[in-house]
Amino acid sequence: MGAINFVFQGGEPLVSDLTIPLIRIIKRRGGYPVVNTNGILLAEKILSLKAAGIDWINVSINGIGESHDQFYNHPGLFDISLHGIELAQKAGIHVIVVTIATNKSLESGETLRLAQFMNKRKIDTWLVYPMLAGRWIDHPYERLSEENIKRFDELLKNKFIHWEGEGNYFKYGCAAGRESIYVSAYGDVTPCAGICVSFGNIIITPLRDILNKMRQVPYFHDITNRCMASVDEKFHNKFIAPFKGREGAIPIEQVEFFYSISLTNPKTRIPSHLNAQTDYDGHVAR
Ligand code: SF4
């Protein structure tokens, strides 16, 4: 279906014996494989990753030194990850540091300090919005405040700081369900890893049919200029919070709101604060 970029994420994809063989297959077929990792196993796996053909690795870092170690409750993790990053760079692999821009890290300036630290090492930083799911599902105060959304946007003016909305092929913004989809280890297809609503399973249904179903939902029919799963409280309350504690993706048929809306219903339009202001070529006006 023309997919180009295949991102392995976890959990931790480098603990799986399947990741490297799958990278090899994707590369052989002309795809562009990427691994999102915490960096712990990078030193051990770097030669196999390189031999499999990986060009790009994302490493999750959420603070400098002990601050990162505390975030993950793993003493020494920052140094381990940094060592893995250095080995990847020596092997000629492009590395990007991925960091969660929290209210705290934006206000304290830690997000900027981390990006500057990485920039000195010729590494760009990729910001992600805090996802109020998993262990943060009951932490509404982690949703970025208006002030911190402005700080987030200010940081993006640095040429070494980005967010995933800049990485699309056609349009700036959150591409959940439109340019990007998530496929779980069990074959469930969801709009993104943070929106655990399954529109079908690729083991039993053709992907094209699953995507057609997904794109009937206005949220996944067009591209919004923010991370809707994080920033939009109504979206979160409808599609993420109710499934607290449920394991795996929830079939669309069990999510009444998604199932009942259609593009012909004007009440279900994407909220204006999430809508990208795009010009004729699809470039966002920021
Ligand atoms: S909702 Fe969009 S921006 Fe947010 S994590 Fe999912 S794909 Fe990314």
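This is a predicted model: local features need pLDDT of at least 70, side-chain atom pairs count only at pLDDT 80 or more; totals for chains, interfaces and linings use all residues.
Reader: Okay, so which hand does the crossing of helix 1 and helix 2 have?

Author: Right-handed: that is how helix 1 passes helix 2. Helices here are DSSP runs of H or I with at least four residues, strands are runs of E with at least two, and both are numbered from the N terminus.

Reader: What makes helix 1 roughly parallel to helix 2?

Author: Their axes are 8 Å apart and the packing angle is about 20 degrees. Axes are lines fitted to C-alpha atoms (for helices, over the stretch in contact), and angles run from 0 to 180 degrees between N-to-C directions. Under 35 degrees counts as roughly parallel, over 145 as roughly antiparallel, 65 to 115 as roughly perpendicular, and the rest as oblique. So helix 1 comes out roughly parallel to helix 2.

Reader: Which residues of helix 1 and helix 2 meet?

Author: From helix 1, Ile 20, Ile 23, Arg 24 and Lys 27; from helix 2, Ser 48, Leu 49 and Ala 52. Contact means C-beta atoms, placed from the backbone, within 7 Å. This set splits into four nonpolar, one polar and two charged. (Nonpolar covers Ala, Val, Leu, Ile, Met, Phe, Trp, Tyr, Cys and Pro; charged covers Asp, Glu, Lys and Arg; the others, Gly among them, are polar.)

Reader: And why is helix 2 called roughly parallel to helix 4?

Author: The axes of helix 2 (residues 42-52) and helix 4 (residues 77-90) cross at roughly 20 degrees and come within 9 Å. That angle is why helix 2 counts as roughly parallel to helix 4. Helix 2 brings Leu 42, Ala 43 and Ile 46, and helix 4 brings His 83, Gly 84, Leu 87 and Ala 88.

Reader: What makes strand 1 and strand 6 the edges?

Author: The open sheet has six strands in the order 1-2-3-4-5-6, with parallel pairing. Strand 1 (5-8) and strand 6 (161-163) each have a single partner strand, so one side of each is left without a neighbour in the sheet.

Reader: Which hand does the unit of strand 1, helix 1 and strand 2 have?

Author: With the strands pointing away from you, a crossover is right-handed if the path from the first strand over the helix to the second runs clockwise. Strand 1, helix 1 and strand 2 make a right-handed β-α-β unit. Strand 2, helix 2 and strand 3 make a right-handed one too.

Note on methods
Residues are numbered from 1 along each chain as its sequence is written. Two residues are in contact if their C-beta atoms, placed from the backbone, lie within 7 Å. Two strands pair if DSSP finds at least two bridges between them. A crossing is left-handed if the near helix is turned anticlockwise from the far one by less than a right angle, and right-handed if clockwise.
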